[in-house]
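Dear colleague,

I am handing over a structure for you to look at before we discuss it.

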Amino acid sequence: MLDLLAKVIGPHRAVSVYAFLRTWGLPLGLVLAALLGIGAMVLRGADQPEHVAYIRAEVLGTDPINGDRRNGLMVDLRLPDGEILRLTETEGLIAAKLEATACVQERRRPDGAALYRLRQPHRCGL
């Protein structure tokens, strides 16, 4: 690396730059990488779906995933507006508490598309 620096910026400056990089290069690189990572997370987090409401939905039926209820369930639901949803639930605490009604969280993406997911019954007051 010292030879390459000497060809690019000259031998005297190359020694100074090389010494700086050997002592401060790694910490400076790590700080820059951390700042870039934090910046990317902040920019990416801006378009996350936002919570709209918790909805009580009627459970129409459940099908086990891979033939085993412990792996998860495919749940057919009817929302209060009549829309039928088929959601997948692999969290055991939620799947075990499904009865006649389920708690569904409605979220909206910035483009207006609705997203739904099953939540714990206490969120809907069930």
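This is a predicted model: local features need pLDDT of at least 70, side-chain atom pairs count only at pLDDT 80 or more; totals for chains, interfaces and linings use all residues.

Residues are numbered from 1 along each chain as its sequence is written, and side-chain values use heavy atoms, with hydrogens and water left out.

The sheet

Helices (H or I, at least four residues) and strands (E, at least two) are DSSP runs numbered from the N terminus, and two strands are taken to pair if DSSP finds at least two bridges between them. On that basis, 5 strands make up an open sheet with antiparallel pairing, in the order β3-β2-β1-β4-β5. The edges are held by β3 (84–89) and β5, each of which has a single partner strand, so one side of each is left without a neighbour in the sheet. From one strand to the next the twist averages 40°, where axes are lines fitted to C-alpha atoms (for helices over the stretch in contact) and angles run from 0 to 180 degrees between N-to-C directions.

Strand β1 (residues 50–64) is joined to β4 by 8 bridges, the two running antiparallel, and here A57 has A102 in β4 as its bridge partner. β1 also pairs with strand β2 (residues 73–78) in the antiparallel sense, over 6 bridges; in that strand V75 stands opposite T62, and M74 is the bridge partner of D63. Between β4 and β5, which run antiparallel, there are 6 bridges, with R107 opposite L115 in β5. These two strands, β4 and β5, form a hairpin with 5 residues between them, and G112 in the turn has a positive phi of about 95°.

The disulfide

Counting a disulfide as a pair of cysteine sulfur atoms within 2.5 Å, the model has 1 disulfide. The bond joins C103 to C124, with an S to S distance of 2.0 Å, and it links distant parts of the chain, since C103 sits in strand β4 (residues 101–108) and C124 in the segment after β5 (114–119), 21 residues apart. The torsion about the S-S bond of C103 and C124 is about 75°, so the disulfide is right-handed. With buried meaning under 20% relative accessible area, exposed over 50% and partly exposed in between (1.4 Å probe, protein chains only), C103 is buried at 2%, and C124 is buried at 12%.

The nonpolar core

A nonpolar core is a set of buried Ala, Val, Leu, Ile, Met, Phe, Trp, Tyr and Cys residues joined through side-chain atoms within 4.5 Å. In the largest one, which has 16 residues, V75, L77, L87, L98, V104, Y116 and L118 touch the most other members. Two or more residues are given to this core by each of β1, β2, β3, α3 (92–96), β4 and β5. If contact is taken as heavy atoms within 4.5 Å, and residues up to four places away in sequence are not counted, V75 touches V59, G61, T62, L85, R86, L87, L98 and L118.

Individual residues

Q105, found in strand β4, is buried, with a relative accessible area of 6%. A polar contact is a pair of N or O atoms within 3.5 Å; within protein, one must be able to donate a hydrogen and the other to accept it, and residues adjacent in sequence count only if both atoms are side-chain atoms. The side chain of Q105 makes such contacts with the side chain of H51 at 3.0 Å and with the side chain of R117 at 2.8 Å.

T23 lies in helix α2 (residues 11–45), where its side chain reaches the backbone oxygen of A19 at 3.1 Å and that of F20 at 3.2 Å. A96, in helix α3, is exposed, with a relative accessible area of 65%; A96 and L73 are 23 residues apart in sequence, and their C-alpha atoms are 9.6 Å apart in space.

With best wishes
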